[in-house]
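The sequence and the coordinates come first.

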Amino acid sequence: MTHLLLALGLVLVVEGLVFALAPSRLEDLIKALADIPHETRRMMGLGCVALGVVLVWLAKGAFGG
């Protein structure tokens, strides 16, 4: 449970920084994402999930977490 709270906290920090430091750029990014086809966005999302799983796996294995 501690790891889940840590991960959620880190996500909120990163997302909060984006909103706090570059809100207008975020709007531009959302508009640009709207132009990308749904299937491409889905594949980008799956790629991010896969990369996240690999990073967590490496962190747990390499650093003995």
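What percentage of the 65 residues in the chain do buried residues make up? Buried residues account for 2% of them, where buried means under 20% relative accessible area, exposed over 50%, and partly exposed in between (1.4 Å probe, protein chains only). The model is a predicted one, in which local features need pLDDT of at least 70 and side-chain atom pairs count only at pLDDT 80 or more, while totals for chains, interfaces and linings use all residues. Residues are numbered from 1 along each chain as its sequence is written, and side-chain values use heavy atoms, with hydrogens and water left out.

**Overall form**

The chain contains three helices and zero strands, and its pattern along the sequence reads α-α-α. Helices (H or I, at least four residues) and strands (E, at least two) are DSSP runs, numbered from the N terminus. The radius of gyration of the chain is 15 Å, whereas a compact globule of 65 residues would have one near 11 Å; the radius is taken over C-alpha atoms, and the globule rule is 2.2 Å times the number of residues to the power 0.38. Along the principal axes, the C-alpha atoms fill a box of roughly 40 × 30 × 20 Å. The accessible surface amounts to about 5700 Å², and 76% of it belongs to carbon and sulfur atoms. These areas come from the Shrake-Rupley method with a 1.4 Å probe; for residues, only the protein chains shown count as cover.

Two C-alpha separations give a sense of scale.

| Residue pair | Separation along the chain | C-alpha to C-alpha distance |
|---|---|---|
| G16 and F63 | 47 residues | 27 Å |
| H3 and L33 | 30 residues | 31 Å |

G16 is located in helix 1 and is partly exposed, at 31% relative accessibility.

**Salt bridge**

The partners are E39 and R42, whose closest N and O atoms are 3.0 Å apart. Both residues belong to helix 3 (residues 38-62) and are three residues apart, about one turn of the helix. Side chains of opposite charge can pair when their charged atoms come close. E39 is partly exposed at 47% relative accessible area, and R42 is partly exposed at 48%.

**Largest pocket**

The largest pocket has a volume of about 240 Å³. A pocket is an open set of points on a 1 Å grid over the protein atoms alone, where a 1.4 Å probe fits, with protein on both sides within 12 Å along at least five of seven lines; lining residues have an atom within 4 Å of a point. Grid points are joined across faces, edges and corners, and the volume is the space filled by probe spheres set on the points. The lining consists of H3, L6, A7, L10, V11, V56, A59 and K60. Helix 1 (2-21) and helix 3 are the elements that give two or more residues to this lining, and helix 1 provides the largest share, five residues. One of the lining residues, H3, lies in helix 1 and is exposed, with a relative accessible area of 53%.

Note on methods:
A salt bridge is a side-chain nitrogen of Lys or Arg within 4 Å of a carboxyl oxygen of Asp or Glu.
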